[in-house]
Amino acid sequence: MKAPDFIYHRASSVQEAVQLLDEYDGNARILAGGQSLIPMLNMRLWRPSALIDINRIEGLDAVSAQGHETVLGARVRYNVIEHSALIAQRLPLLTNMIRYVGDRQVRHRGTVGGSLVQGDPTGEMPLAALTLGAKVKVVSVKGEREIPLTSFYEGSYATVLEPNEMVVSVIYPKHPPFYAFCEMNRRHNDFAVVSVAVAGEIDEQGHWQDVRIGMGGVNESPMLATDAASLLNGSRMTDEDIAQAAQLACAQADPPDDIRASGEYRLHLLNAYVRKALGNLRREASSAFSKSPVN
């Protein structure tokens, strides 16, 4: 199928883009990479009156270090995340996870802002942003605001954005020293059936702090296993701790039945993949400490 008729605008500034969004009163869509937007238009799941192309707006593709924070413009493409030395240094979990996104053609066009707005429950970029404690900066004709990822989604493929708001950047706080990620796909780089991202730090006594466990594909949007993380904070992350954390993570999840897997199978996978990710996290920390110079 082909997309229904629409009016095409090429915005030259953020101000022009949000003004157009306001004028169309919810009947316009932002075009950046188009990896999700164009298929939705062609299947006529969306019938906007207009598309607003933001590819010529300066600054939306910038990557910058601002103190402990790392800021990615909404139009930063996946292949930039994959190959940027700055992102690899400051957001290594993001660099790791981006290689699981689609194929090389998708990664040359897809954008971090587009992925977050699309809100696929199995998407790697929403899961990474949630696990790392990121927040999204959005702009409208009324001004700007920052929305934490923990409150950015209100359902499957549904964000809290107002129809006249546009994402301009994603702000990541200081990255934890240790992290791990794993996911299960039916085929290489297919949509994830279940994915788990974990991060945290460990003190000199071997106790874990600030543990975060993000889960994808097990609810209407990516979610944090807060009960499991609370259990692990202050612990030494023993095998028993990890097993109990995996059970708590499963208790918080509410996985769907769909064409890729049943909810029951997803719970089975989630238990295994939380244990796998936490085991890898513990192994990474152990390896780092073993390589530290002895005084």
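E144 is exposed, with 56% of relative accessible area, where exposed stands for over 50%, buried for under 20% and partly exposed for the range in between (1.4 Å probe, protein chains only). The partner of E144 in a salt bridge is K137, and the closest N and O atoms of the two are 3.5 Å apart. A salt bridge is here a side-chain nitrogen of Lys or Arg within 4 Å of a carboxyl oxygen of Asp or Glu. K137 itself is partly exposed, at 23% relative accessibility. The model is a predicted one, in which local features need pLDDT of at least 70 and side-chain atom pairs count only at pLDDT 80 or more, while totals for chains, interfaces and linings use all residues. Residues are numbered from 1 along each chain as its sequence is written, and side-chain values use heavy atoms, with hydrogens and water left out.

By the salt-bridge rule, the count comes to eight. One of them joins the side chains of E165 and R145, at 2.7 Å from N to O. E165 sits in the loop between β9 (158–159) and β10 (166–172), whereas R145 belongs to strand β7 (residues 143–148), so this pair ties together parts that are 20 residues apart in sequence. Helices (H or I, at least four residues) and strands (E, at least two) are DSSP runs, numbered from the N terminus. With a relative accessibility of 12%, E165 counts as buried, while R145, at 33%, counts as partly exposed.

Another salt bridge links D239 to R282, with the closest N and O atoms 2.8 Å apart. Here two helices are involved: D239 lies in α10 (residues 239–252) and R282 in α11 (residues 263–291), so the pair ties together parts that are 43 residues apart in sequence. D239 is exposed, its relative accessible area being 54%, and R282 is partly exposed at 27%.

Turning to the strands, pairing is assigned if DSSP finds at least two bridges between two strands. Strands β4 (residues 63–66) and β5 (residues 69–73) run antiparallel and are joined by four bridges; within this pair, V63 has L72 of β5 as its bridge partner. The two strands form a hairpin with two residues between them, and G67 in the turn shows a positive phi of about 65 degrees. A parallel pairing, also over four bridges, is found between strand β2 (residues 28–31) and strand β3 (residues 50–53), and the bridge partner of R29 in β3 is L51. Together with helix α2 (residues 37–42), β2 and β3 make a right-handed β-α-β unit. Right-handed means that, with the strands pointing away from the viewer, the path from the first strand over the helix to the second runs clockwise.

V196, in strand β12 (residues 192–202), is buried, with a relative accessible area of 0%. Apart from neighbours within four places in sequence, V196 is in contact (heavy atoms within 4.5 Å) with L127, A180, F181, C182, I213, G214, L270, Y273, V274 and A277. The C-alpha atoms of V196 and E124 are 9.4 Å apart in space, for a sequence separation of 72 residues.

G214, one of the contacts of V196, also has a C-alpha atom separated by 8.9 Å from that of T226, 12 residues apart along the chain. T226 is found in helix α9 (residues 226–232) and counts as partly exposed at 41% relative accessibility.
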